[in-house]
Amino acid sequence: GDTDVPDDRKTHVVLIVGQHSPMEMVGAHTIEPIIRYVTAHPDVLQSVTLHCVPVVNVDCAAYGSDGMNMNLRNTNRCWFDDIQPETRCIMDYFDTQEWEPDLFLDLHAGGCWRNHTLLRFAPAFLRERFGPLGDDLIARQTVVNGILERHAGIRSADGIDHVFRECCAKDWFKVHFPRCVSCDLELSLCTYFDPSARLTKPVTQSAIEEMGTGLGAAFAEFAATFGPSGGGTG
């Protein structure tokens, strides 16, 4: 982001790539095209700060595993109990800031998904957990999925209203920062929806890069729609 613009005047987008298995490194391939997009659009840098953690499970990235770190813990299952050093580092960073994140995406990947799939919180959970704020949170989440669909082909129809498991990153961000739109993004290694052609196609390296560009554009529209922390539903 543009460091000359105060944090309270910018929208804060958080992107982390857990890499809990070798396939999940695919998420990191979106980061460079996102950076290329925002640096090519200086106005976006004035309205958005991107906080990016390319790898959370560094042990898995270094040695290869089934999702465990060297303590034999899955770093996406210990955000509430048995907290590991990798997740504690991220928590401490966000807990000590004077601003709150507005959008959180935890990138995962695997071959079992038909098209890239957004795991968003079920409306019933948001109403039950957050009471009067629930309807506004549902509206924000719906608008965000529409933005991701237009720019990156992450369709609402392919998404899943997911459960609150009280263990993973998206759960922790939603509990600690209720107004933050917090989702998992499961990247398919099989097919994706091309937003330009309006067709489902096989996943390629260039398609992953194009999605990264689309995410950059989506973050720009998100900032324009909601503004800094606490914005309305557009």
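The points below are a colleague's notes on a predicted model.

1. Residue numbers start from 1 along each chain as its sequence is written. Because this is a predicted model, local features need pLDDT of at least 70 and side-chain atom pairs count only at pLDDT 80 or more, while totals for chains, interfaces and linings use all residues, and side-chain values use heavy atoms, with hydrogens and water left out.

2. The sheet is open and has 6 strands, ordered E2-E1-E3-E6-E4-E5 with mixed pairing, where strands are DSSP runs of at least two residues (E), helices are runs of at least four (H or I), and both are numbered from the N terminus; two strands pair if DSSP finds at least two bridges between them. Strand E2 (48-53) and strand E5 (160-162) are the edge strands, each pairing on one side only. From one strand to the next the twist averages 25°.

3. Strand E6 (residues 181-188) runs parallel to strand E3 (residues 103-110), and 8 bridges join them; within this pairing Asp106 stands opposite Asp184 and Ala109 opposite Leu187. With strand E4 (residues 117-121), E6 pairs in the antiparallel sense over 3 bridges, and here Thr117 stands opposite Glu186.

4. In a regular strand the side chains alternate between the two faces of the sheet. In E6, Val181, Cys183, Leu185 and Leu187 point one way and Ser182, Asp184, Glu186 and Ser188 the other, and all are buried, that is, under 20% relative accessible area with a 1.4 Å probe and protein chains only (exposed is over 50%, partly exposed in between).

5. Helix H6 (residues 134-152) and helix H8 (residues 205-226) have axes that come within 8 Å and cross at roughly 140°, the axes being lines fitted to C-alpha atoms over the stretch in contact and the angles running from 0 to 180 degrees between N-to-C directions. H6 is therefore oblique to H8, since under 35 degrees counts as roughly parallel, over 145 as roughly antiparallel, 65 to 115 as roughly perpendicular and the rest as oblique. Contact, meaning heavy atoms within 4.5 Å, involves residues including Val143, Ile147 and Leu148 of H6 and Leu215, Ala218 and Phe222 of H8.

6. Leu126 lies in helix H5 (residues 123-130) and is buried, with a relative accessible area of 0%. Leaving aside neighbours within four places in sequence, Leu126 is in contact with Phe121, Gly131, Gly134, Leu137, Ile138, Gln141 and Lys174. Leu126 and Leu137 are 11 residues apart in sequence and 7.0 Å apart in space, C-alpha to C-alpha.
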